[in-house]
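Hi,

Here is the structure I said I would pass on. Have a look at it first, and my notes follow below.

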Amino acid sequence: MLGSGLNVNTSLFSHLWETVLPTYVLNTVYLGFIVSFFAAFFGVTAAALITQTNIKAKSILRWLLMLPLAMPAYLVAYLYTDFLDYAGPVQRFLRETFDWKTSEQYWFFDIRTLWGAGIIISLVLFPYVYMLARTAFEQQDQNLHRASRLLGLTTFQTFYNVCLPLARPAIAIAISLVLMETLADFATVQYFAVNTLTTAVYDTWLGYGDLSAANALASLLTLMVFFIVLFEQKARIKQRHQSNRPNRGSHVILLTPLQQLLANIFCWSLALLGFLLPLALLIVMAVEYATFAQLDALIDTGFNSIELAVYTATIATIIAIVLVLYKRLHQDTFKAVPLNVSGFGYAIPGTVLAMAMLATFGPIDNVINELATKVGVDEPGLILSGTLFAIVFAYVVRFSAIANGTLSSGVEQISQSIDLAPPSLGVGALKGVFTVHIPLLKPSIFIAWLLVFVEAMKELPAVLLLRPFNFDTLSTHIYQLISDERLEQGAIGAILIVAFGLIPIIWLNKTEDNE
Amino acid sequence: MTHIINIDQLQVKFQKNVILSDISFSLKSGEILGLVGPSGCGKTTLLNTLAGFIEQDHGSIVLSDSLTINKENRIPTEKRNIGMIFQDYALFPHLTVNKNIGFGIKNISKPVKEAKINELLTLLKLDGLGQRFPHQLSGGQQQRVAIARALAPQPKILLLDEPFSNIDSRLRNDLMIEIRQLLKSLSMSAIFVTHNKDEVFTFADKIAVMYQGKILQFGSPITVSQFPNSWQVADFLQLGSWLPFKNENTVIKTAIGTLQSNQSNYIDKEFLLIKPKDIEVNLDTPTKQNPKNVVINHISHTEQGYHYIVKSIDTDSYLSFNRLSFYHGEFFTIDQPLSLTIKPHQLLMF
């Protein structure tokens, strides 16, 4: 992709550069700032209220605040536009109440702007910050809080001077994750007609048909992602303040009744706006408009999604097992390299990955077809770049990190001496892996498979670019309906996507309770 | 006489369980108290209650004869002016040594604060380390920073939670002596928790032996070890071995000889505490008065000679025993029978 990007057709690219590209780049940067700011504000405040104060309904809010992560941003964007625009129930209600006739008689904010997109994306991504900050606060050594109190600081001063600085690396990691997701977002900004680099890649390829210009833009996007990854790695190095004496509720800031009320309003609003209200709107839509014809379309696209997700999950899990066990059981200096390299894919936006697939497999397909002609066989067509192969390949690259992470933590639970037991009993290495390690890893293998499956069910931008003609998945189907302003006809499918998104969150919650 | 801390009938409950009860003692300025006892006896709970991490249910804590803390008047930790040194030091990992030490110094100008930090750096032999972060220091240096940080706000009293447990045993004794001298030079009172009785004898002026949430005995280490008031105290401090006995008026009979006592009422007493120094080995040919009465079970080698653990030859009678320990310069062998007698001494029975 980088190679193809360097051979860019200069006339189109310079045309883009002179006209729209600076706006695209600026929009991308602005969007990044808006989302980081709001996600950090929402996430850190919520985490602080849940862990550091005596806020009421803590046990419910604890997990409720994670749920917005299950909502695709583009769905929320559509639902809120529908809800808040001129013909929507909110403005209708206002007009009826105040007897306004036209939109000129009153001001109402326009959600379909850069700011609107930023706030909506942060509403569904803030749980990353919330979860990591919450864990960071809870894992802090209780004695550090005690030492601060003994040295004369109140609980609030202790939070500001000790807890918050200690959680800074975790918050930085979370914000870099949020930024990666923001750069990867395609559908929300596309729907709001906010032109960012991601939409530019898409338009350049599908609109102008210029693959190398699209690749050049994708390379620019990759560069941005690269800086975020660097930032994230730097933050990770600093994260070594965790303790085995976690701090759970021993030093809480006692809220006054007014503070208690404000804190509750804040947390409940986040849960409501990020999850409960969009879900309710979807359910209302489904109840009002569901038909059997929709169900047929749903079953077709649903099967396509499941097929893709099963291939992806299975391949990614097998690769992860091999790489994780290779790292564990080999002694050489570079044993971790394959595992680490395979994890980078997660940072790359689906659009960029799709471009990379086209740039890689397109030429290979051409070579295969030329060879076929020479040998005298029928041309097989685009057997790599034009089939499910490219999509599954892109998915595996993108989601390998999830499988790797799950299996790595699974393997860490196995004691090092277990590795030595099979050879000491005269059992060969490979047999040892199959009779000892893999059975012990069974739960992790299952979870890794499930998490990749769910992510693959939800992924949108990569399929949009790579799908064969007339091939639709659940998410492209929903996205198509959203583009045509008729989500009503796919509300059940949308609920299904949300339901799939809830699976990993429920699992996260469960493992946390076990700990 | 002013007391730096005066505790009266302190009680702490957790849910329905009584964790601490009837804790009363006081310390004078500059006194160092060692809290000892088996694990789970409430030592750390007592320390945490004094620091204000745990609320008391009954009784009072009076600091410097002026600040009274009780159930009605709870004082938050930050207002108690108590310093604490944690077992793992709890240094703030995101702050330099200077900022750690300066963390609790408030309401003074920057130059005065810096001067104070420098003074503490010198006092604790940390010169030149002010800009480092905690993870760049050795364990001993980290502990010095923790002490400097705790001393900086000039607390009335210092609490130390197992302060020496993370220190290399070779350096431990020197460090204890050094910190004791430092505390004495500042007239700083301190309460420290340990499960190591040797630390108490080196570091403390007073000892409190705790058992099941109560203080069994409070006093100077020498008095407590000479006159333990209960078998738990003697047992925890490993003062000696336990011998069953029978008495006929003032004559005390044991499996290794008889002793003369100056009292005759030993109701409720079952065991005689025998310290190693009160055991004598008869190397002469055994006689009817001094027959061979024990056999050697275990031998360990120590700097003071050989440490023997023996059991009585007669295993049937009421007076037989399994474990008696003493030291001797001469080498005997396992299963060798010996003739032991007890030197006349002030008898301790429980």
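**Two domains in chain A**

Chain A splits into domain 1 (1-285) and domain 2 (290-515), with bounds that come from an automatic or database domain assignment. Keep in mind that this is a predicted model, where local features need pLDDT of at least 70, side-chain atom pairs count only at pLDDT 80 or more, and totals for chains, interfaces and linings use all residues. Residues are numbered from 1 along each chain as its sequence is written, while chains are lettered from A and ligands numbered from 1 in the order in which they are written.

Taken over C-alpha atoms, the centres of domain 1 and domain 2 of chain A are 25 Å apart. Domain 1 of chain A puts 34 residues into the contact and domain 2 of chain A puts in 27 (contact means C-beta atoms, placed from the backbone, within 7 Å). On the domain 1 side, α12(A) gives the largest share, eight residues (helices are DSSP runs of H or I, at least four residues, and strands are runs of E, at least two, numbered from the N terminus). That side has 30 nonpolar, four polar and no charged residues (nonpolar: Ala, Val, Leu, Ile, Met, Phe, Trp, Tyr, Cys and Pro; charged: Asp, Glu, Lys and Arg; polar: the others, Gly among them).

**A sheet in chain B**

Chain B has an open sheet of three strands, ordered β11-β15-β21 with antiparallel pairing (strands pair if DSSP finds at least two bridges between them). Because β11 (241-244) and β21 (348-349) of chain B are at the edges with a single partner strand each, one side of each has no neighbour in the sheet. β15(B), residues 271-274, pairs with β21(B) over two bridges, and Leu272(B) sits opposite Met349(B) of β21(B).

Cheers

Notes
Two residues are in contact if their C-beta atoms, placed from the backbone, lie within 7 Å.
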